[in-house]
Amino acid sequence: MIMTKYNNIQIVLLSLMAIYFSQGALHEIGSLLTRTALILIWLISTYYMAKCWSSDIHKNTFFKAWSLLLALNVFGFLLTSDIFDPVNYNVFKGILTFMLPFYPFYYIACKDMIEIKYLRYFLLIMLPINILNFDWSANELLYGRITGNLDIVNNAAYTFVALIPFVFLFKDQKLIPAT
């Protein structure tokens, strides 16, 4: 039963992340679906952050450093930024979306219940989504240049960089058989 619970959390969290990051390419940006996925990612992650801190898992130095960095970002945002400015809010949203999912996966990994196959599936799902997002972003960039806005940066390539660690999950398997 415990294994099933952790498997379900992994599947749900990775699916929510795929839904959230596919906005723009597969569905509308800022839709109810993506907002719901983001809120659920934050809630699940916050729950596991509390579970980590209430157990003996939080004694790890890396965990403490990650948590300190998250706290510095949150308090720095709340004390110095205009909360209602959309640019600042998007930066803050990006920080939380990047940093909070660490906690559920850290908790599950500390319990030795993480399933590598789900992380592999996540890579195989996210790669085409990132390709579509890159294409969508490039089209938006071209449209911006046509309309005269030259102050546009395409940061879509960073999502490919974020997937690089997942490639090493295939290190012992031959994806393309040798002839």
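Start by selecting C52, which is buried, with a relative accessible area of 0% (buried means under 20% relative accessible area, exposed over 50%, partly exposed in between, with a 1.4 Å probe and protein chains only). Before you click on: this is a predicted model, where local features need pLDDT of at least 70, side-chain atom pairs count only at pLDDT 80 or more, and totals for chains, interfaces and linings use all residues. Residues are numbered from 1 along each chain as its sequence is written, and side-chain values use heavy atoms, with hydrogens and water left out.

C110 is partly exposed, at a relative accessible area of 40%.

Next, show helix α2 (residues 32-54) together with helix α5 (residues 102-110): their axes come within 7 Å and cross at roughly 45 degrees. Helices here are DSSP runs (H or I, at least four residues), numbered from the N terminus. The axes are lines fitted to C-alpha atoms over the stretch in contact, with angles from 0 to 180 degrees between N-to-C directions. α2 and α5 are therefore oblique to each other (under 35 degrees counts as roughly parallel, over 145 as roughly antiparallel, 65 to 115 as roughly perpendicular and the rest as oblique).

Zoom in on the contact (heavy atoms within 4.5 Å). On α2, pick S45, Y48, M49, K51 and C52; on α5, pick Y103, P104, Y106 and Y107. Seven of the contact residues are nonpolar, one is polar and one is charged (Ala, Val, Leu, Ile, Met, Phe, Trp, Tyr, Cys and Pro count as nonpolar, Asp, Glu, Lys and Arg as charged, and the others, Gly among them, as polar).

Jump to S22, in the loop between α1 (2-21) and α2. Is S22 buried or exposed? Buried, at a relative accessible area of 3%. Leaving aside residues up to four places away in sequence, S22 touches H27, I129 and N133.

Last stop: D112, in the loop between α5 and α6 (116-146). At 68% relative accessibility, D112 counts as exposed. Check its backbone too: phi of D112 is near 55 degrees, a positive value in a residue other than glycine. Most residues other than glycine have a negative phi.

Terms used: Helices (H or I, at least four residues) and strands (E, at least two) are DSSP runs, numbered from the N terminus.
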